[in-house]
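Here is a short briefing on one protein structure. Look over the sequence and the model, then read the points below.

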Amino acid sequence: MSLPDNPLTWTYHSLDTWWWPTVFILLAGFVPNDLWRALGVVFAGRLREDSEIFAYVKAVATAIVAGVVAQLVFFPSGSLALSPLWLRLLAVASGFAAFKLARNRVLVGVLAGEAVLILLWVLVVGVPDRPV
């Protein structure tokens, strides 16, 4: 069995050899991600922190994080969906307060929010009988 001429049409089942799955994982997963990371490292050194493109990238990254947090709070999945909304909102508020009190240290905010969520969930709400 040989590979198709066009590399864009290669699939996981294109070759029936022992080494192909490893090469396929490297080609399909590792190379595309690391290519963008390498380009980011090359171009990031040339950007000024006060440039418009840097402000745009920071705004997009912040919006993505805000969207993920909002989805986790308002439309959670898995075990987190078993917790009440008021508990998730209280955990976010506690994490934000700790973040500000600790002079904008992200790790402090994340750990405080998680601690409030876990402690109140166990002590007030109770652990669910069955895992999801």
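**Salt bridges, helix packing and a pocket**

The count comes to 2 salt bridges, a salt bridge being a side-chain nitrogen of Lys or Arg within 4 Å of a carboxyl oxygen of Asp or Glu. This is a predicted model: local features need pLDDT of at least 70, side-chain atom pairs count only at pLDDT 80 or more, and totals for chains, interfaces and linings use all residues. Residues are numbered from 1 along each chain as its sequence is written, and side-chain values use heavy atoms, with hydrogens and water left out.

- Asp34 forms a salt bridge with Arg37, and their closest N and O atoms are 3.9 Å apart.
- Asp34 and Arg37 are separated by about one helical turn because they are 3 residues apart in helix H1 (residues 20-44).
- Helices here are DSSP runs (H or I, at least four residues), numbered from the N terminus.

**H3 against H4**
- Two packed helices are described by the angle between their axes and the distance between the axes.
- Helix H3 (residues 85-101) and helix H4 (residues 106-125) pack at about 150°, with axes 7 Å apart.
- Axes are lines fitted to C-alpha atoms over the stretch in contact, and angles run from 0 to 180 degrees between N-to-C directions.
- The contact (heavy atoms within 4.5 Å) involves residues including Trp86, Ala91 and Phe99 of H3 and Gly109, Leu117 and Trp121 of H4.
- By class, this contact of H3 with H4 has 15 nonpolar, 4 polar and 1 charged residues.
- Ala, Val, Leu, Ile, Met, Phe, Trp, Tyr, Cys and Pro count as nonpolar, Asp, Glu, Lys and Arg as charged, and the others, Gly among them, as polar.

**H2 against H3**
- The axes of H2 and H3 come within 9 Å and cross at roughly 145°.
- Leu72, Val73 and Phe74 of H2 meet Leu85, Arg88, Leu89 and Val92 of H3 in this contact.
- The contact of H2 with H3 has 6 nonpolar, no polar and 1 charged residues.

**The largest pocket**
- A pocket is an open set of points on a 1 Å grid where a 1.4 Å probe fits, with protein on both sides within 12 Å along at least five of seven lines; lining residues have an atom within 4 Å of a point.
- Of its 20 lining residues, Val69, Ala91, Val92, Gly109 and Val110 are the closest to the centre.
- H2 gives the largest share of the lining, 7 residues.

Conventions: Helices (H or I, at least four residues) and strands (E, at least two) are DSSP runs, numbered from the N terminus.
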